[in-house]
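Colleague: Before I plan around this model, could we go through how some of its strands are arranged?

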Amino acid sequence: MAELIKLTIDGREVEVPRGTTIFDAARLNGIPIPTLCHQQNQTPVGVCRVCVVDVGARVYAASCIRECDAGMTVKTDVPGVQKARAALVEMLMADHPAPCIRQQNSGDCELETLAAELSVPAPRYPRRLSPRGRDDSSLSIAVDHESCILCDRCIRGCDDVKKNLVLGRTGKGVTAGVAFDLNDPMGASTCVSCGECMVSCPTGALTNKRVVGTELGGGDALQAEELLDLPVFDGVSGTFLELNQGAVVKRHFKAGDIICKEGEFGSTAFYIMDGSVDVFISAPIKHVQQESTSSGWLSTIRSMLSDRDQHPRSEETTKRWIPIDAPVDLPYDNPRARLGPGDLFGEMTCMSFHPRSATVRAATDCTALEMLRNVLDILQKNKTFRAKLDDTYRKRALENHLKSVPVLAGLSGEFIDYLRNRVELIRYAPGQVIVRQGDPADSFYLVRLGFVKVSEAHPGGDLVLAYVPRGGYFGEIGLLGGGVRVATCSALDHVEAVRISGEDFRKMIEAFPDIRAELARVAEERLAQNRARQKTTDSVELNDFLAQGLMEAQSLLVLDLEKCTRCDQCVKACADAHDGVTRLVREGLRFDKYLVATSCRQCRDPLCMVGCPVGSIRRRNSLEVIIEDWCIGCGLCASNCPYGNISMHSFAVETADPEPSNRKVASTRKKATGCDLCTDQAEPSCVYACPHDAAHRVEPLTFFGAKFGLTPPRSVVDATVREERPGVDQTSK
Amino acid sequence: MGGRTRTAKALAQRIDLNYFKRPHPFRRWKLGLSIAVPAAALLWLAGIAAGGSRAPYSSGPASSAHQVFGDKCERCHVTQARAFRAHVTDNMCVSCHDAPQHKSNQTFTPACASCHLEHRGAIRLATTSNRECEQCHLDLKTTTGRRTVAQVVGSFEDGHPEFAALRPAADASAKAVDRAVLKFNHEIHMKPGLRVPAGTAPLECSTCHEQMLPAATLGRTRAREMPVPVTYAKNCASCHRLYFDPLIDAVVPHDAPEKVHAVVVRMLREFITANPGQIGKPDPVRGRIPVNFPEPMQRVRNAAEWVDARTATVERLLWSKTCAECHTISAAFPRVVSTNMRSGWMPHARFDHQAHQMASCVSCHAAQTSRDTADVLMPSIATCQQCHKPTRGAESRCFECHEYHDWKTAKPAKPGFDLQQLTN
Amino acid sequence: MRIDRTHQSWAVASGVALALAAAGYVAATASSGRPWSGGSAIGLAYGISGFAMMVFAALLAGRKKVPVWRIGRAQTWMRGHLWLGLLSFPIILFHAGFAFGGSLTRVMMWIFVVVILSGIAGAALQHFLPRLMFARVPMETIYEQIPHVRAQLLIEADGIVSDACGGMAVITDPAAERATGGASKLQSSVRVDAEESAPLREFYLAEMRPFVAEPDSAHPLADRQHGDQVFARLRTLLPSGFHTAVSALENICEEERQLSRQQKMHAWLHGWLLTHIPLSFALLVLAIIHIVTALRY
């Protein structure tokens, strides 16, 4: 315990620990000192000087940064101090467009409130002539530099509290202001719209645009006070809640009401207050299969859906759990689960705008809070709430989560109990580095929310090796291998990861040699893949080649246009091989004398995999991108693919409406489809079926390399799986 | 191109993903025609079949003889009961043509149609290929085990034996011999400048070996084969007249000795009746007879005795000189040994002299040097093969000379059709 | 299919097979005194092998129906189709002894001649046209989708013009439609810079839109040179701010022209199939009838 010192504030004797600032000492003793630039959760900087007090020194001291001295006599309210404050506020008000937006909206502009408190008259000074401008580029936050008083609260919020390092100072003198990144417009900057700056801002310089925070219709709109009364919002800034009034509503659902539907886009998360809900996937957990209806001799191709049991596909995982955007995973066979009070779902939708991963239906009459991301964000920063979530997770979801990872399925109950209170749930903001290449490996991570990008640093820039979705894990290679991280893993969006310490990990692999062997095997595969994916760092001056992204591709379907007779056999073959659905469109850009057909290129950086809400799109251990049966048809991967190589196909299906009536409902479902290279065959069907020797599946650098005098990277040639196949990659003779 | 950028994604998204499942005019045409054209072809056949005709299935025009049937295939192609095939059976052929079989001891009898290939255009069906004969004759076997012809005959050029007439029967060194009992010397008769009785033409081959004119041989194939047989009356009598008595300017007929004797007696009686003074006059003929005349001179007292004596003398001369000029006379009572002249020299084949009339006789027959009747003047097979070989163009297939069917055993066919049936 | 050096082995094999067949035919006709018959053993052998080749060639159509069956690469089948199909003709001629026979066989022979000729023509077209198409139709798309793409081009062009000129409404007046026989009447909405954009709008509505809506080879814009002139003139008439739009429209016209060209080329590239395929099937059907009847009679 630090040494206590005594001092006098406004005539009262007070005792505080050494190192306490005058401001804090006064507040602890109920003596308010007005301030603008200081906020309790932030490091004081003392730039506004409104908090000046008379300490008997030559000049007034800024109470927020001045530490107490023993025997000090502080006067906070003497006329001289009041006059100095009033002068400061008057000068600030001279440039302040009173009433500012905040004052207009919620009447709580701190500057104007202070001016009113201090009875500052209309400023005697003229307003500045050069306008400082506004920035409307962000969707969620309006920036009005006119209202800015340069208190730096937003900068500290962004950099110190959120560690986003977006906001900073720019300019000098009259041009001084806050800036996003290198003075970019806010919308174009790396800002993640966390709202911390906005919450921090004392004036109307940063205000909620209510774009994200559109009023949530219906339900019981909750006032900030009511929210603060709820245990989950204990300790949350009232200002923020007021600012986001309408961003959180309480909803009552009757049993059977649909709360949200899979595949829909949304922006809210739900927190269950009472009652319980069912979470399920109603899209058939099936893939497309052709039904051979040979009615008459003009057979018609009909595409049907069939599931893994009826029609097993060799390339599929045998995963038994489908990760969804809730604290539980859904079992594959019967994709439903129940959530109860205290559970939060829809986090990924809310934070990263992923489509809904499952349908939620009220199981009993229930009450839930629906909230937008700003509310959720604040909620998740709330330590109480956080602790509660962690607790829930540890109790209910951890076991499920661990077992949903195939390699860890063999963990015993005792060991999970052992881990239960030893694991750590950590959140990462977008872009945040989780492990860095070259660092010592000290822990193993399971991804609970969001996507983790695994990349390797190369002289030419980072090479993305993989995207680890929810339910995936990383960090084992370093632990199993040399103890050094071999790749950098960073959060692609809002990531929550379960950290298992190296010690526990070692215990685990000692106790479960099967898991060790499996992990080692997967790690070896991953390493092999990584070696295979290493691209050449040769930069080639080939505008087209680069512009078309061919460099990024690992395998291209090219059609030799000098041989192709446009007979469409490749498309028919593709449709036949994929049950009546073509995964190939014979259209695209030309490169040299080849048509680069629209068919998955197996990119080195598979952008399609980012954001799949249920993690059903993944890369196989070789090259192919595969879409698993539990695709819910949200279409995110299709819109993510820069080349249009994933298409959404609609199928008419009959689904049994599980509740309440269990009747069959005809509906249209979408499924994403992409080229799978016909991996169960020796050669892709399109290539096999080309009668004119025009279609080829090629590794672009090897294939076009000879043409442009490139030396194909050895690693690619060595490891590309398709190379050994005879006749596939025959370059034109 | 300002303003418009073509990206792979934009291009791909223009395309309707199910376009290939929808019918396109081109594919519809392709499908439609693929059904329509074969259907049209079938309709064409069906239409013809509906008219009862099976003509389209003909593998070619029928032979000239059978063209009379037109497209009435069923005349010959009769479907057997419960059988798919409607091949022409021998029964159908035989119903018009009773072609007898070749030999009674042949090991098998091929079907008519296997030799007589129909639907090969307007050709003679009799024209068969060597292959048909070779079936047996390449290595001849018979049911009886006896053969009358060579065992291995490939073709006229290959393995065909020398003509039977020229083939020595047993002794290989012996020359083939004409066994005719007649004395004839071709060389003398063909000697240039041979003196002939006034009023007769100089001798040529055709003076004796008369060729029939085409008009006379029309349709009679047998007659075309050999010249008309040589007879005394036609071919010898103009030179070799049968005078028997210098007193009588008359000849005896070329006939049997009995008839000749009767004629001689009758003519001598008539003569002595007309010239009684001749009785007792020395016999000039007798005077020429050698002294060792076996019979003693007798006194002739009356006409009857003169006739007897004169007959004996004249006939002695006649038999031993005039007749014996050509014939062989048996020693006792004059009996002419049969001349035994052969009319045909080829037992199994036919030869058409008329077809060869452009060639001079002696270029094949060595008659000018033949002094002996025993000389066989039939040319050797080698002579034929000078022209009749594949490289020289003259036909050398079996059917040219040989006949398969043994017409000697032919039976008359029963008429199977009436005119109406044939022409409708 | 391009006949290139990769066909060497097929060509050699076919040549050898043809030579053998010809030698066999010559030997057979020379040795037997019999007249040639398709029904003789060797004649049947030619007939059977020729028919087998024809059936194989025709099976390509079936092969294409089941492209995923792993029954040999499609291009192997195609090579087989080309070479065996070609070879079947002399083989069948040998079978027939160069005679056309009765009316059924004569019809078959003529169909066969047409099939082979159309096949050769098609192979030649497919040999050369893709290269021509590659060179002359850089903006080609999927043939079946040309109308679909064109509809989108029209929308795109409308969008470009209305963006540039600030709005353009397509008003269909039912009365006018009846009067003009279906041609829709277009009106553009008024806009502040209507004066400036007038030439573009007028050109688009009067000249270009009908062309994009219904590309017709008789339309002046179907002629590239005319198009170049028109757009060059437009550029002089319009301020430079419109030039991007003009270039885009010019590009759309060019795409329309290329699509028309593609349609024409595609018709050449595949039109011969309309002769080849139906006649092949007819030939096969007749061949089967020929086999049946030849066995019967």
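Modeller: Gladly, and please keep in mind that this is a predicted model.

Colleague: How many bridges join strand E26 of chain A to E31(A), and which residue is the bridge partner of Tyr445(A)?

Modeller: Strand E26, residues 443-449 of chain A, runs antiparallel to E31(A), and 6 bridges join the two. Within this pairing, the residue of E31(A) that partners Tyr445(A) is Arg499(A).

Colleague: Why is strand E31 of chain A described as largely enclosed by the rest of the structure?

Modeller: A residue is called buried when its relative accessible area is under 20%. Strand E31 of chain A spans residues 495-501, and it is largely enclosed by the rest of the structure because the buried residues number 6 of the 7.

Colleague: Turning to the open sheet of 4 strands in chain A, which are its edge strands?

Modeller: The strands of this sheet follow the order E13-E22-E15-E20 in chain A, with antiparallel pairing. Pairing on one side only marks the edge strands, which are strand E13 (258-260) and strand E20 (336-339) of chain A. Direction ignored, neighbouring strands of this sheet are turned against each other on average by 30°.

Colleague: And in E20(A), what is the bridge partner of Phe280(A)?

Modeller: Strand E15, residues 277-280 of chain A, pairs with E20(A) over 4 bridges in the antiparallel sense. The partner of Phe280(A) in E20(A) is Arg336(A).

Methods:
Residues are numbered from 1 along each chain as its sequence is written. Chains are lettered from A and ligands numbered from 1 in the order in which they are written. This is a predicted model: local features need pLDDT of at least 70, side-chain atom pairs count only at pLDDT 80 or more; totals for chains, interfaces and linings use all residues. Side-chain values use heavy atoms; hydrogens and water are left out. Buried means under 20% relative accessible area, exposed over 50%, partly exposed in between (1.4 Å probe, protein chains only). Two strands pair if DSSP finds at least two bridges between them. Axes are lines fitted to C-alpha atoms, for helices over the stretch in contact, and angles run from 0 to 180 degrees between N-to-C directions.
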